[in-house]
Amino acid sequence: MNRTPDWLSSRFNESRPEYSFLGNFLTTDVAWQVTDAVGLILNQVFSFEDNQQARTIAGGVIQHTPEFSTFGQVRYVNALNSTYVDAG
């Protein structure tokens, strides 16, 4: 069976299909504009080859003024068994 390498996150790039990494996966993207100033996102990649989540990302942004905003995100990568937190 041809498996997608563990370090390679499967994804399909709609604007440039030649850059896509194909595999047996399902990608889910959710974006919610809670208010004019607050937005939340969730992205998940489920690998049917491994029958588990390959990657999960959750984050948000707060627009304080037109010139100033803050953001935060948590990213879990199953192949590396690592969780990354980023804020700014």
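Q: How many aromatic pairs does a search of the whole structure find, and which residues form an aromatic pair?
A: This is a predicted model, and a search of the whole structure finds one aromatic pair.

Q: Is Phe 46 buried, partly exposed or exposed?
A: Buried means under 20% relative accessible area, and exposed means over 50%. Phe 46 has 22% relative accessibility, so Phe 46 counts as partly exposed.

Q: What is the relative accessible area of Phe 48?
A: Phe 48 is partly exposed, because its relative accessible area is 49%.

Q: What share of the 88 residues in the protein chain is buried?
A: A residue is called buried under 20% relative accessible area. One of the buried residues is Gly 39, at 10% relative accessibility. Of the 88 residues in the protein chain, the buried ones make up 18%.

Q: How much of the accessible surface of the protein chain belongs to carbon and sulfur atoms?
A: The accessible surface of the protein chain comes to about 6600 Å². The share of it that belongs to carbon and sulfur atoms is 57%.

Q: Which residues make a nonpolar surface patch of about 280 Å²?
A: One member sits in the loop between strand S1 (25-33) and strand S2 (38-47), and that is Val 34. At 34% relative accessibility, Val 34 counts as partly exposed, and patches are made of residues with over 30% relative accessible area. The patch is made by Trp 32, Val 34 and Leu 40.

Q: How far apart in space are Val 61 and Val 38, C-alpha to C-alpha?
A: Val 61 belongs to strand S3 (residues 52-65). Leaving aside neighbours within four places in sequence, its contacts include Val 38, Gly 39 and Phe 71. Val 61 and Val 38 are 23 residues apart in sequence, and in space their C-alpha atoms are 5.8 Å apart.

Q: What distance separates the C-alpha atoms of Gly 39 and Gly 60?
A: Gly 39 has its place in strand S2. Leaving aside neighbours within four places in sequence, Gly 39 is in contact with residues including Trp 32, Gly 60 and Val 61. Gly 39 and Gly 60 are 21 residues apart along the chain, and their C-alpha atoms are separated by 5.5 Å.

Q: What is phi of Asn 51 near?
A: Most residues other than glycine have a negative phi. Asn 51 lies in the loop between S2 and S3 and is exposed, with a relative accessible area of 59%. Its phi has a positive value, near 60 degrees.

Q: Where does Asn 81 lie?
A: Asn 81 has a positive phi, near 50 degrees. At 61% relative accessibility, Asn 81 counts as exposed. Its place is the loop between strand S4 (68-77) and strand S5 (82-87).

Conventions
Residues are numbered from 1 along each chain as its sequence is written. This is a predicted model: local features need pLDDT of at least 70, side-chain atom pairs count only at pLDDT 80 or more; totals for chains, interfaces and linings use all residues. Side-chain values use heavy atoms; hydrogens and water are left out. Patches are made of residues with over 30% relative accessible area and no salt bridge: like charges are joined within 9 Å, nonpolar side chains (Val, Leu, Ile, Met, Phe, Trp, Tyr) within 5 Å. Accessible areas come from the Shrake-Rupley method with a 1.4 Å probe; for residues, only the protein chains shown count as cover. A salt bridge is a side-chain nitrogen of Lys or Arg within 4 Å of a carboxyl oxygen of Asp or Glu. Helices (H or I, at least four residues) and strands (E, at least two) are DSSP runs, numbered from the N terminus. Buried means under 20% relative accessible area, exposed over 50%, partly exposed in between (1.4 Å probe, protein chains only). Contact means heavy atoms within 4.5 Å. Rings of Phe, Tyr and Trp (its six-membered ring) pair if their centres lie within 6.5 Å; planes under 30 degrees apart count as stacked, over 60 as edge-to-face and the rest as tilted.
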